[in-house]
Amino acid sequence: MTEFPKFHCCVDQKEEDYDSGIQLYFMKEYELAELIGRLIEMDEKHSEEYRKMFEFIKSLENYIITGAKANDFNFLEGIEGEKGWAMDYSILLNESRVARIAFRACRKTIEVMYYYRVMSRKEGFSERFNPENFRAFLLLRDILYKRSCDLMKK
């Protein structure tokens, strides 16, 4: 092999290099969905909200790939969030496993936001990686941070 292989991208329907970023975006998105899936099981008080978050992420992936409308994320606006990082190291050392998982999901949301923004600048991807859906991740980040702080206090 003298050249690096490419893969067929379902988003732009082109042959893409493996460093195009799209696969890495989806891998980060899957990691976030996996953490939220764990929170569904571990934080029963909020399991329905986590389930809606999970379904939104799943629908957003479908939107990015097919263009089919993503689920509404307005429900996130009704959930209290918190900006900041005052408790970050306290959460990391806290004995509450669920608080640490919620904080890991918060940090994973930031990674997803980074790759989402990178993809929004690429030709062929920018239309589907739009500012409106990015806003859902901003809300999600703050909600997960607040949850991690609240769970730590238990």
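Select Leu32. Beyond its neighbours within four places in sequence, Leu32 is in contact with Ile57, Ala105, Lys108, Thr109, Val112, Phe137, Leu140 and Leu144. Keep in mind that this is a predicted model.

Now widen the view. Leu32 is among the residues with the most contacts inside the largest nonpolar core, along with Ile22, Tyr25, Leu60, Phe137 and Leu140. This core has 47 residues. Colour helix 1 (22–42), helix 2 (47–66), helix 4 (97–120) and helix 5 (131–152): each supplies at least two core residues. Which helix gives the most to this core? Helix 4 does, with eleven residues.

Next, the charged pairs. The structure holds eleven salt bridges.

Stay on helix 4 and pick Lys108. Lys108 forms a salt bridge with Glu111, with the closest N and O atoms 3.1 Å apart. The two sit three residues apart in helix 4, so about one helical turn separates them. Is Lys108 buried or exposed? Lys108 counts as buried, at 12% relative accessibility. Glu111 counts as partly exposed, at 29%.

Move to helix 5. Select Arg135 and Glu132, three residues apart in that helix. They form a salt bridge, the closest N and O atoms being 3.1 Å apart. Arg135 is partly exposed at 27%, and Glu132 is partly exposed at 43%.

Last stop: Lys6 and Asp17. Their closest N and O atoms are 3.4 Å apart in a salt bridge. This pair links strand 1 (residues 6–8) with strand 2 (residues 15–17). Lys6 is partly exposed at 46%, as is Asp17 at 34%.

Conventions: Residues are numbered from 1 along each chain as its sequence is written. This is a predicted model: local features need pLDDT of at least 70, side-chain atom pairs count only at pLDDT 80 or more; totals for chains, interfaces and linings use all residues. Side-chain values use heavy atoms; hydrogens and water are left out. A nonpolar core is a set of buried Ala, Val, Leu, Ile, Met, Phe, Trp, Tyr and Cys residues joined through side-chain atoms within 4.5 Å. Buried means under 20% relative accessible area, exposed over 50%, partly exposed in between (1.4 Å probe, protein chains only). Helices (H or I, at least four residues) and strands (E, at least two) are DSSP runs, numbered from the N terminus. Contact means heavy atoms within 4.5 Å. A salt bridge is a side-chain nitrogen of Lys or Arg within 4 Å of a carboxyl oxygen of Asp or Glu.
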